[in-house]
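Colleague: I am new to this structure, and I would like to learn how to read a few of its features. Could you take them one at a time, with the general idea before the case?

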Amino acid sequence: MKKRRLAGVVLLLAAVLSSCGIKKTEEQQPASPKTERITVGFSQVGSESDWRMASTASIQDAFADSPYTLLFNDGQQKQENQIKAIREFIDQDVDYIILDPCVETGWDSALMEAKEAGIPVIVIDREVSVEDESLYTAWIGSDFYLEGQRAMKWLESYLQKENYEEPLNLVGIQGTIGATAQIGRSRALEEAAAAHDNWTLLEEQTGDYTEAKGKEVMEEYLRKYKDEIQVVYCENDNEAYGAIDAIREAGKKVGMKIKDGEILVLSFDATHGGLQLTMEGKIAVNTECSPLYGKRLVRMIDEMEQGELPEHHTYIEEGQFSNYSGIRAIWVVDNSYLVTRVTEELLEEREY
Ligand code: AHR
């Protein structure tokens, strides 16, 4: 867009020069407009989880098959790195910036600089919280609060189906603090715990969306609360892998039979590995968070190139998976959501 404006200025200048009777030398001939490839800078959060790797692969693959050149930057889960990347993209005069923000706040200045440079910014996955929403052109991502509500509704339905009426102790392994995915999912857990008289949320700590930290946090919970934990709410699949390892190493079992002392694991993302554990019943319910942004982004840029303005805020649709046959659908507020049984066929066809 920006480069095309520049080409327009060059053409205008050439027309003025020729109307003044000034003969152009060969070097002065304007380059034919739009011969350069459109360049897109992508600032990714990091590579902390399987989900994140799938998101990077989806975007890199889609752009490799597109007419656009993608410049990729891994922020290593640090906002300062992502802000630096945005500034470098501006210096490189890219045509678009895609930002997956590690946390919600602190983006105003960098996005203002991009706006002043005339570079449209597309925010994906997590959201930015800025004073002026016109600092970015569009956001597309998950409804993380709804994901959390669906997980908690499934748990409530499961306990009802199984006639479990005893007190229930839960622990939470949160994502990166301040990320939209953490804020929404933690809020749903906290609200559900507060809404049930016999549920106690013993503690929440961050596992930073990694397997190693998920395991560390679960080990600490098991040392501290011993046999008191019935449910662990992991805010992504990698944390669930870590928590399951910690539970096994402590000599305990994961599963849905809480009455027999098993610890019920809830997880998010529904990656291939996560769904495998869901099929085995080790993760009781896995609420999907799709990382497949690549093709959507290429389509969005195609449309913007045609002069179309994308929706400013778009939620993507997501599923929910379990091996428990007793719950086919759950209701959250006025909407019903299907719960899909995980099968070998489903796993084989899974894109991530
Ligand atoms: O923002 C999406 C979350 O970030 C995913 O749940 C998690 O796996 C990732 O690292």
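Colleague: Which side chains meet Arg-52 in a salt bridge?

Modeller: Side chains of opposite charge can pair when their charged atoms come close. Here the side chain of Arg-52 meets that of Asp-100 in a salt bridge, at 2.8 Å from N to O, the term standing for a side-chain nitrogen of Lys or Arg within 4 Å of a carboxyl oxygen of Asp or Glu. Because Arg-52 lies in helix α2 and Asp-100 in the loop between β3 (96–99) and α4 (108–116), the pair ties together parts that are 48 residues apart in sequence. The structure holds 19 salt bridges. This is a predicted model, in which local features need pLDDT of at least 70 and side-chain atom pairs count only at pLDDT 80 or more, while totals for chains, interfaces and linings use all residues. Residues are numbered from 1 along each chain as its sequence is written, and side-chain values use heavy atoms, with hydrogens and water left out.

Colleague: How many salt bridges are there between domain 1 and domain 2, and what area is buried between them?

Modeller: The size of an interface is often given as the accessible area lost when the parts come together. An automatic or database domain assignment gives domain 1 (37–142 + 291–315) and domain 2 (144–289 + 319–349). The count of salt bridges between them is zero, yet 13 residues of domain 1 are in contact with 18 residues of domain 2, contact being heavy atoms within 4.5 Å. About 1200 Å² is buried between the two domains, with carbon and sulfur atoms giving 52%; this is the accessible area (1.4 Å probe) that two parts lose on being put together, summed over both. On the side of domain 1, Trp-51, Arg-126 and Ser-142 lose the most area to domain 2, together 39% of what that side buries.

Colleague: Why does the largest cavity lie between the domains?

Modeller: Domain 1 and domain 2 both give residues to its lining, so the largest cavity lies between them.

Terms used
Helices (H or I, at least four residues) and strands (E, at least two) are DSSP runs, numbered from the N terminus.
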